Amino acid sequence: MSQLKSVQEKLRLVRVLRLLKKTYTYEELSKITGLPITVLNRYVRGKVLPSAERTKELLNLLLPYINIEEEVRKRIKFDEYGFFDNMPVLSDTALMSLIAEDVAGRYMDMNVDKVLTAATDGIAFGVHVARELNVDVVYAKKKKEVGVEKFYEVSYVPSASGSVTTLYLPQWALRKGENVLIVDDVIRSGETQRALLEMCRQAGAKPVGMFFLISVGDVIDHLKEEYSIPVESLIKLE
């Protein structure tokens, strides 16, 4: 194992421990791992990193205690009208890092050059995924930025609004021939995501897949049929 890979695995263990610490006490984690509470505390705080051998042993012990899908579901907050708040998911950096690892593993062999998303809620997820894939993240905005001369520009009418929305992406952000992974935190109707696909077409870039933390209804099935690329979500809400 390379030195870089060894460090990455150790940091992965830290993220796993930090996530588990939100559900388990130090006493419970001590019983699971057989390690003193003081040692676990130093790992969680990042004060000390374990050896490569211990890291492997601890990951094998602890990963079965994590169900990423369930971790996401239990953080989603619904109000009395059925609307949900996913900020508890997006703000949990340990959980987001583990989700991004999973996503990166799915698309590692597709030679992704860019991760593309839409401002603003998709940015956090996009950054995590792009970091794991070791590529840049770019995102479309609803306003033109001063200082940018040329944009890819797509207008559409969101089904719930009745008004025209326009997304803008600087033309330097996507290049012809680049492989693009489109991500977002939530997909409901798919209009925003179709706009991002249209930006790829304008740029001559190739969308190689789409991944969402949360999908609502059957929209991802429709996108698969329309564009013949992998379209996935971590969890699906009816």
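**A first walk through the model**

Analyst: The end C-alpha atoms of residues 17-62 lie 8 Å apart, and that span is 70% helix and 0% strand. Helices (H or I, at least four residues) and strands (E, at least two) are DSSP runs, numbered from the N terminus. This is a predicted model: local features need pLDDT of at least 70, side-chain atom pairs count only at pLDDT 80 or more, and totals for chains, interfaces and linings use all residues. Residues are numbered from 1 along each chain as its sequence is written, and side-chain values use heavy atoms, with hydrogens and water left out.

User: Which feature does UniProt place at residues 17-62?
Analyst: The unreviewed UniProt entry gives "domain: HTH cro/C1-type" there. UniProt annotations may be inferred rather than shown by experiment.

User: Pockets next. What volume does the largest pocket have?
Analyst: About 590 Å³. A pocket is an open set of points on a 1 Å grid over the protein atoms alone, where a 1.4 Å probe fits, with protein on both sides within 12 Å along at least five of seven lines; lining residues have an atom within 4 Å of a point. The volume is the space filled by probe spheres set on the points, which are joined across faces, edges and corners.

User: Which residues are closest to its centre?
Analyst: Of the 25 lining residues, those are Lys142, Asp184, Val186, Arg188 and Thr192. Elements giving two or more residues to this lining are α8 (121-133), β6 (165-170), β7 (179-187) and α9 (191-203). β7 gives the most, with four.

User: And the second largest pocket, what is its volume?
Analyst: About 400 Å³. Its lining includes Lys5, Arg12, Glu101 and Arg131. α1 (3-20), α7 (93-107) and α8 each give two or more residues to it. α1 gives the most, with six.

User: Which domains does that lining draw on?
Analyst: Domain 1 (3-66) and domain 2 (74-236) each supply at least three residues. Those bounds come from an automatic or database domain assignment.

User: New topic: Cys200. Is Cys200 buried or exposed, and why?
Analyst: Cys200 counts as buried because its relative accessibility is 0%. Buried means under 20% relative accessible area, with a 1.4 Å probe and protein chains only. Cys200 sits in helix α9.

User: What is Cys200 in contact with, neighbours within four places in sequence aside?
Analyst: Leu116, Leu174, Val180, Ile182, Ala205 and Pro207. Contact means heavy atoms within 4.5 Å.

How values were computed. Buried < 20%, exposed > 50% of the residue type's maximum accessible area, 1.4 Å probe, protein only.
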